[in-house]
Amino acid sequence: MEIPSDRTDLAKVDVSGVRRAVNIDLLDGQPLRPGDWVLIHVGFALSKIDEDEARAALEFLEGIGQAYEDELAALRDSGPEPGTELGTEG
Amino acid sequence: MRFVDEYRDADKARALSAAIAGLCEPGRTYTFMEVCGGHTHTIYKHGLEDHLPEPITLVHGPGCPVCVIPMGRVDDAIHIAERPGVIMTSFGDMTRVPGGRGSFLDAAARGADIRMVYSPLDALKIARRNPDRQVVFMAIGFETTTPSTAVTVLRAAAEGLRNFSVMCNHVMIIPAITAILDSPGLRLDGFVGPGHVSTVIGCRPYGFVARDYGKPLVVAGFEPLDILQAIHMLMLQIAEGRSEVENQYARVVPWEGNPRALRAVDEVMEPRPRFEWRGLGLIPRSALRIREKYAAYDAERRFDVPGGRVADPKACQCGEVLKGALKPWECKVFGTACTPETPIGTCMVSSEGACAAYYNFGRFSRRRVRDASREASR
């Protein structure tokens, strides 16, 4: 996860190689640093999670197979490479 | 991958199963409901029921967001989508949910402009790019999803967007659990509480389940061992004569939830007097609508909607499945007329639906599976 310097409500995340911007408005009182892991739901970070938990969840999702592939495809199709539209989008 | 191994460890699963079996009183049965569709998915993917002692039965609750959308609401959304100049957006699962006049996909085939989005913010993006069109987001989901819609409305308001609105179908888990607890003839011994919903609402709102109904509830994660451990925690409470709310998923779920998310929802939305749930009927104060203050972003105010109730198809027994009264394979059309490719009922649409989970993992009957494995071992 990276945090663009010009926006306080967005973070660039990498989900199994798919990169996009997610909204971090809902993470009150949980400061984020590059490299942190977050629980993402429909384009929003819901809570910060520790790395072990994140890796476990990722492994689980990858184990789901097609349903997770479909989810990643939706994520991929849902927006251009984050960063290109950070000034106006999100 | 140390953590994963820990949560999948077969020895630990066997040890937990043995510990659970050790807590079973002779001659007694135990029925627990997993409220969340994500749990249903894990249970069937990993065949967890086969690892539980015979006296324990798991029933599936109404926690799959698309499964509880009644046909009348789908028809209302299609009514909006078919108005000239409208772009209707929603999550992928929603596009296949059948209404009385077919699904979003059928409406798209008739010419409506319906687009799948990954996030409500993507619907906002479509609105910015199409200033001459009205863009509507059909919002569905429990408390995990509601804050995202609320923040999206706040953002649309901050930007003064005039061509974006939300058809709000957000539902709340607590009234659903209450309706299940109050439904006659249903005997449950406890609940495996939802994980991701609880990241938002926390654990406190479940207090009444333990206090007023005397049923233990354990908030659980989504790994197989999470669920086994939650069942063990439920069994321990019963053995010790306790009924409390416990948090098995503390590594992700804060006891107090996410106050900022709750504030955003409260700013934008308020409870509806009542809302129809598929299979459960009208439940008071069980869903949210957009507050007057944000009326400009409420699709139901911007467009007239018929608001009619549509009876479920006679053959479909999703209602009984959602209440835990019927196992999916006991439904008359399960796996024959109703499959994930051609769903009649909502429980077959989403991978979180109980019927789809059973169908996709080929688990039709626990007893049949057991009998078959006993036969094979002879």
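Let me begin with a definition: when I say contact, I mean heavy atoms within 4.5 Å. This is a predicted model, in which local features need pLDDT of at least 70 and side-chain atom pairs count only at pLDDT 80 or more, while totals for chains, interfaces and linings use all residues. Residues are numbered from 1 along each chain as its sequence is written, chains are lettered from A and ligands numbered from 1 in the order in which they are written, and side-chain values use heavy atoms, with hydrogens and water left out.

Turning to the sheet in chain B, four strands form an open, parallel arrangement in the order E4-E3-E5-E6, where helices (H or I, at least four residues) and strands (E, at least two) are DSSP runs numbered from the N terminus, and two strands pair if DSSP finds at least two bridges between them. Strand E4 (113-116) and strand E6 (164-170) of chain B are the edges, each pairing on one side only. Within the sheet, strand E3 (residues 86-90) of chain B is joined to strand E5 (residues 134-141) of chain B by four bridges, and B:Ile87 has B:Val135 in E5(B) as its bridge partner.

Now to B:Asp76, which is found in helix H4 of chain B. Is this residue buried or exposed? B:Asp76 is buried, with a relative accessible area of 3%, where buried means under 20%, exposed over 50% and partly exposed in between, using a 1.4 Å probe and protein chains only. Leaving aside neighbours within four places in sequence, B:Asp76 is in contact with B:Met167, B:Val305, B:Pro306, B:Gly307 and B:Gly308. The C-alpha atoms of B:Asp76 and B:Arg309 are separated by 9.8 Å, although these residues lie 233 residues apart along the chain.
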